[in-house]
Amino acid sequence: MRLPGAAPATKLALATAEVVRARLQGALRRPRPPVPDAARPEDIPSVAIAGAHDRVLAEIDQDGFAFAVHPADEPYFNRRADRLRKRRYELHVVLHRGAVCVRKSFRRQDELASVATRAWGALGLLFFTEAAALLRLDDAGCAPRLRDVHVPSQTLYMDYIHGETLQRRFAAHTPGLTDLDGASDAIDDPDRERREHAAFAAHADEALRDAIAGLMRAMTDRGVAPMDIKLGNAIVGARTGAVYWIDFELAALRGAAGYARHLAEHRRRVATWFGVPA
């Protein structure tokens, strides 16, 4: 028998405990190298001009494109002229304590979400879930490293992976994969999902399929099933060509109620999108 709310409640309790324990143990303060495709301060052109003090470098829009604040950084970040404001939360690339990070703030609610979803979000479910997932994956090399969390504002800082999402890569071959295409105003668009499935099936080579399969195994081996499966959440690093997963707010966590059921659904979605086991 399933109790209403048991899965999100136990996940919130589990994730909160893991994040609090990591903070008390100083896990986020220990020096850890960034993953190979994470940007370094020396990669950012404006650092030579304005310095490496804490500041906002770029804003990330709905399609995952970054738009530079300093003109010198435009060749590094900007890949198109038009930007589409994020709908669910705020994302910025920042310099934070000597690292180039994505700053993700969960305080802004999604106006289209259900009352229950908004209530759980206000309690910190999405924030703590993403932070706990990144902590579990810290040594996996398949996701950004978590650098800092600010609990009162529900803000986390993680490595900024410089590269190209699979959504962006396949949009060159398949119209209607990005929000800016204007194909739909909906965030969750079944028609676009079908276009993503078809684009990956038509254009992904065997090496990319193997990389996705390895990525999924690395995450589920550590008790993280991302759940929110789509091309925009996988990014190919510009430096090494490795594939990373970059979104965990909806992840299922081993140890929370309903994990086996969610893991089965996660595997079904991976097979649908990528045609590989998870």
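## Reading helix packing and burial in a predicted model

Modeller: Let's begin with a pair of helices: α1 passes α5 in a left-handed crossing. Left-handed means that the near helix is turned anticlockwise from the far one by less than a right angle, and right-handed is the clockwise case. Helices (H or I, at least four residues) and strands (E, at least two) are DSSP runs, numbered from the N terminus.

Colleague: And the ground rules?

Modeller: This is a predicted model, in which local features need pLDDT of at least 70 and side-chain atom pairs count only at pLDDT 80 or more, while totals for chains, interfaces and linings use all residues. Residues are numbered from 1 along each chain as its sequence is written, and side-chain values use heavy atoms, leaving out hydrogens and water.

Colleague: At what angle do the axes of α1 and α5 cross?

Modeller: Axes are lines fitted to C-alpha atoms, for helices over the stretch in contact, and angles run from 0 to 180 degrees between N-to-C directions. Here the axes of α1 (residues 6-24) and α5 come within 8 Å and cross at roughly 55°. That makes α1 oblique to α5. The classes are roughly parallel under 35 degrees, roughly antiparallel over 145, roughly perpendicular from 65 to 115, and oblique for the rest.

Colleague: Which residues of α1 meet α5?

Modeller: Contact means heavy atoms within 4.5 Å. On the α1 side you will find Pro8, Lys11, Leu12, Leu14, Ala15, Thr16, Glu18, Val19 and Ala22, which meet Leu125, Phe128, Thr129, Ala131, Ala132, Leu135 and Arg136 in α5. When you read such lists, remember that an α-helix has 3.6 residues a turn, so residues three or four places apart point the same way.

Colleague: How many residues of α5 are buried?

Modeller: Buried means under 20% relative accessible area, exposed over 50%, and partly exposed in between (1.4 Å probe, protein chains only). By that rule α5 is mostly covered, with 10 of its 12 residues buried; among them are Phe127, Glu130 and Ala133. The helix covers residues 125-136 and reaches 16 Å from first C-alpha to last, close to the 16 Å expected. The expected span is 1.5 Å times one less than the number of residues.

Colleague: What about α8 and α9: at what angle do they pack?

Modeller: Helix α8 (residues 206-221) and helix α9 (residues 259-274) pack at about 170°, with their axes 12 Å apart. They are therefore roughly antiparallel to each other. Arg209, Ile212, Met216 and Thr220 of α8 make the contact with Tyr259, Leu263, His266, Val270 and Phe274 of α9.

Colleague: What else covers the buried residues of α8?

Modeller: The cover includes α6 (166-171), α7 (190-203), β8, β9 and β10 as well as α9. The buried residues themselves include Leu208, Ala213, Leu215 and Met219. After α8 comes glycine 223, whose phi is positive, near 80°.

Colleague: Which residues touch the most other members of the largest nonpolar core?

Modeller: In soluble globular proteins, nonpolar side chains tend to be buried together. A nonpolar core is a set of buried Ala, Val, Leu, Ile, Met, Phe, Trp, Tyr and Cys residues joined through side-chain atoms within 4.5 Å. The largest one here has 64 residues, and Phe77, Leu166, Ile212, Phe248 and Phe274 touch the most other members. Beyond its neighbours within four places in sequence, phenylalanine 77 is in contact with Ile44, Leu57, Ala58, Ala66, Ala68, Val93 and Tyr160.

Colleague: Is glutamate 249 buried or exposed?

Modeller: Glutamate 249 is buried, with a relative accessible area of 7%. You will find it in the loop between β10 (243-245) and β11 (252-253). Not counting residues up to four places away in sequence, glutamate 249 touches Tyr89, Lys104, Phe106, Leu126, Thr129 and Glu130. Thr129 and Glu130 take us back to α5, where both are buried.
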